[in-house]
Amino acid sequence: MTHQPPGSATTRISLESGKTWVFATALDFPGWCRRAKGEEPAIDVLLDYAGRYARVAGPDFAPGEVRVIGRVASDMSADFGAPGGPGP
């Protein structure tokens with residue numbers, strides 16, 4: 001997998017699933033991750049927070065089309081409110 005720089009056409013997402021919660025993490029933007037109860041809702045919440053993340057990431061932050069590149073099972077961290085598994 002190649003690194004996608006900010007402003008690229010694709011935003012690579014990893015999904016980490018626990019028993020109740022799923023974390024969606026943007027692999028090319030450290031710290032941009034959100035959780036919800038299900039894969040699609042987690043991605044939706046992640047995208048809803050793009051504007052908030054942009055204030056931290058700076059003016060060059062320009063996420064592209066979302067592409068899920070991997071799914072991992074959580075070590076129970078997701079259900080306690082933090083991503084914890086290694087990415088794909």
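Buried residues make up 33% of the 88 residues in the chain; buried means under 20% relative accessible area, exposed over 50%, and partly exposed in between, with a 1.4 Å probe and protein chains only. The model is predicted, so local features need pLDDT of at least 70 and side-chain atom pairs count only at pLDDT 80 or more, while totals for chains, interfaces and linings use all residues. Residues are numbered from 1 along each chain as its sequence is written, and side-chain values use heavy atoms, with hydrogens and water left out.

**Overall layout**

- The secondary structure of the chain comes to 2 helices and 4 strands; helices (H or I, at least four residues) and strands (E, at least two) are DSSP runs, numbered from the N terminus.
- Read from the N terminus on, the order of the elements is β-β-β-α-α-β.
- Among contacts between residues at least 6 apart in sequence, 48% join residues at least 24 apart; contact means heavy atoms within 4.5 Å.

- S1 and S2 run antiparallel and are joined by 5 bridges; two strands pair if DSSP finds at least two bridges between them.
- In this pairing, Ser14 stands opposite Thr25 in S2.
- The hairpin from S1 to S2 passes through 4 residues.
- S2 also pairs with S3, in the antiparallel sense, over 4 bridges.
- Here Val22 stands opposite Ala36 in S3.
- The hairpin of S2 and S3 has 6 residues between the strands, and Gly31 in the turn has a positive phi of about 90°.
- S2 is largely enclosed by the rest of the structure, because 4 of its 5 residues are buried.

**Helix H1**

- Helix H1 covers residues 39-48, and its buried residues are Ala42, Ile43 and Leu46.
- Seen down the axis of H1, these buried residues fall within an arc of 95°, so they line one face of the helix; the arc is that of the directions from the helix axis to the C-beta atoms.
- Glu40 and Asp48, on the other side of H1, are exposed.
- The buried residues of H1 pack against strands S1 (10-17), S2 (22-26), S3 (33-36) and S4 (65-73), and against helix H2 (50-57).

**The nonpolar core**

- The largest nonpolar core has 14 residues, and those with the most contacts inside it are Ile13, Leu15, Ala24, Phe29, Trp32 and Phe61. A nonpolar core is a set of buried Ala, Val, Leu, Ile, Met, Phe, Trp, Tyr and Cys residues joined through side-chain atoms within 4.5 Å.
- S1, S2, H1 and H2 are the elements that give two or more residues to this core.
- In soluble globular proteins, nonpolar side chains tend to be buried together.

**Aromatic rings**

- The chain has 6 aromatic pairs; rings of Phe, Tyr and Trp (its six-membered ring) pair if their centres lie within 6.5 Å, and planes under 30 degrees apart count as stacked, over 60 as edge-to-face and the rest as tilted.
- The rings of Phe29 and Phe61 form an edge-to-face pair, because their centres are 5.0 Å apart and their planes are at 80°.
- Phe29 lies in the loop between S2 and S3 and Phe61 in the loop between H2 and S4, so the pair ties together parts that are 32 residues apart in sequence.
- Phe29 is buried, with a relative accessible area of 6%, and Phe61 is buried at 11%.
- Trp32 and Phe61 have ring centres 5.2 Å apart and planes at 80°, so this pair is edge-to-face.
- This pair links distant parts of the chain, with Trp32 in the loop between S2 and S3 and Phe61 in the loop between H2 and S4, 29 residues apart.
- Trp32 is buried, with a relative accessible area of 2%.
- One aromatic cluster is formed by Phe29, Trp32, Tyr53 and Phe61.
- Leaving aside neighbours within four places in sequence, Phe61 is in contact with Phe29, Trp32, Ala50, Tyr53 and Ala54.

**Charges over rings**

- Arg34 lies over the face of Tyr49, at 4.0 Å from the ring centre; a charge sits over a ring if NZ of Lys or CZ of Arg is within 6 Å of the ring centre and within 35 degrees of the ring normal.
- Arg35 lies over the face of Trp21, at 3.8 Å from the ring centre.

**Ala9**

- Ala9 is in the segment before S1 and counts as exposed, at 64% relative accessibility.
- Not counting residues up to four places away in sequence, Ala9 touches Gly64 and Glu65.
- The C-alpha atoms of Ala9 and Arg67 are separated by 10.0 Å, and the two residues are 58 residues apart along the chain.
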